[in-house]
Amino acid sequence: MWRIWRWTHWTVWRICILFALSLTCVSFILRYNHSMPTHLENRALSFVDLEDVAQYGIDSLSTAEQRENLNSTELIRNSYICPSRPKRLTGKLNVQGIFSEHTWAEIIEKNADISEGGRYAPPDCIARNRVAIIIPLRNRDSQLRVLLSHMHPIWKRQDIQYRVFVITQNGNGIFNRAKLLNAGVAEARRDAIYDCYVFHDVDLLLEDDRCLYWCHEPNPRLVASLVDKFSYVPLSYRAKCRIVEQGNDLFEKTMRSILWGPVITYFGGVSMITAAQFDEVNGLSNLYWGWGGEDDDLFLRLSALGYEVDNPYGQKCSFRMIRHDHESANAENEGRHALLRHASKRMQNEGYNTLRYKVESYKEERLYTNITVDVGHPSKYMTDFISKAAEAWFKCFIEVPWRTSH
Ligand code: UD2
Ligand code: MN
C-alpha cells in the first residue's frame, strides 16, 4: 500500500514538473515571438522585388536590341538580374596614392561611362539596388574630387544603379548636416525611385571594394564601421543624458530613465537606410545645428522602432578619412546631448515632415548633381542653447522648445 502511494506520489510530481517545464518553454516561445517588432515580422530577407527591378531597371540594359527583346517576365525567367556577387571586384585597395591631385577633366575622362548628373547603371545586367548617394557639402571641393575619383570606379564594380546627389549648403551660416541629408532624400524622390539612401561624408574613402553599397534587410547599415580616425575600432558610447524612452518593456524603460542612458551605436560617416525605414523614422531631426548629434539622433529613432545597426561585410568596411579641421561655422553643438533625450519622443512630429529648405540652384555636373540649398538658420533661443558651453548634466534638465527652433 505504502509503495503504491509512493509511486503515485512521484508520478504526480513528475507530471507536474514536466508540465511546468513545457509551460516555461511555451511562454519563452510566445515571449520571443511577442518581442519581435511587428514591422520586421513580415519582411522577406531578399527584399529585391524582381518584378519591380525589371520594371524600373530596364533602362540599365545596354543595347536597344536587348531592350526590345525582353519583356519583364522574360527578364525574370532569364535572370538578367546582376549576380549576387559582383564579378569585377578587386578586394583590398591602396588608398595611399589617391590624394595626388587629379583635375575634374581627368576624372571625367576615366569615368566616361557615368552619365550627366552622376548617374550609372550596370551595362550588362539589371542592378539589384537603386541607390541615391547623398553627400552634404560646403567648401570642400577638393575633397569631393578625391572622393568621386576614388569611389565612382568602386560603385561601378559593385553593380549598383546609382546617382550622386551633392547637397551644398549656401552662405556662411551654421552648418546643418541632417537638414542637407533630408533635402537630399526629397530631391532624390523627385528624381526617381531609389531603394535606399546612402548618407556619405565627403572625406571618407573606402579601403576594400567588397564592402558593397547594397541595402540589406532587415536593419539599416553602418557602412563606415571602421575608420582610421578612430583607430579602426567600432564605436559606441553611453548617452550623456538619460533618454526619455519610448519602449515596450516598462521595467527596462523605467530603469533606464532612472539610472543610465542607453548605449548609442555610432551611425555617422557613411550609413545606409532603405526608403521604407527612412519613412518609418520620419527622416532625420532638423534641430542639430553645428557639429555632432544628428547621427546619434537617427540611431535613437531607429532603435526606438526595434532596429539594430548591421554591418554585413564586417572588417571589409574600413575607411580612411581625409584629414581636416572643423570649420568655424560647424562648431560643436553644446546642446546635442540634451536634444538626444527626446530623440524618439520627437520622432513623429519633427523630421522629414517638417523639413523646410529652398533650392537655390540645380546643376547636373558630369560626375554628380549639385543642388545648392538654403536651409535657414536656428532661432535665437536655439542659437544660445547650442553655443553656450554648460555642463551636460545641467542641460540635461532643460527641454528644448523644438517647435520654435528651426
Ligand atoms: C563626424 C561624422 C559625421 C557627422 C559629424 C557630426 C565621422 C567619420 N563622421 O564627422 O558623419 O556625424 O561627425 O556632425 O565620424 N561638411 C562640409 N563642410 C563643412 C562642414 C561639414 O562639407 O563646412 C560635411 C562633409 O561632408 C563632412 C561632413 O559634413 O565630411 C561631416 O563634417 P566633418 O567631416 O567636419 O566632421 P567629422 O569628421 O567629425
Ligand atoms: Mn570628417
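A residue is buried if 20 or more other C-beta atoms, placed from the backbone, lie within 10 Å of its own, exposed if 12 or fewer do, and partly exposed in between. The model is predicted: local features need pLDDT of at least 70, side-chain atom pairs count only at pLDDT 80 or more, and totals for chains, interfaces and linings use all residues. Residues are numbered from 1 along each chain as its sequence is written, while chains are lettered from A and ligands numbered from 1 in the order in which they are written.

Select N219 to begin. N219 lies in the loop between β5 (204-206) and β6 (221-222); strands (E, at least two residues) and helices (H or I, at least four) are DSSP runs, numbered from the N terminus. N219 counts as partly exposed because 18 C-beta neighbours lie inside 10 Å. Beyond its neighbours within four places in sequence, N219 is in contact (C-beta atoms, placed from the backbone, within 7 Å) with Y307, E308, V309 and D310. Show N311 as well: its C-alpha atom is 9.3 Å from that of N219, although 92 residues separate the two along the chain.

Next, select α11 (294-304). Ten of its eleven residues are buried, among them F299 and R301. The buried residues of α11 pack against α8 (177-191), β9 (263-265), α10 (275-280), α12 (336-341) and α13 (343-346). Just after α11, G306 takes a positive phi of about 95°.

Finally, display ligand 1. Its shell holds 25 residues, of which D201, V202, G268, G269 and E327 are the closest; a residue is near a molecule if its C-beta atom, placed from the backbone, lies within 6 Å of it. The elements giving two or more residues to this shell are β2 (130-137) and α11, and β2 supplies the largest share, three residues.

Methods. Contact = placed C-beta atoms within 7 Å.
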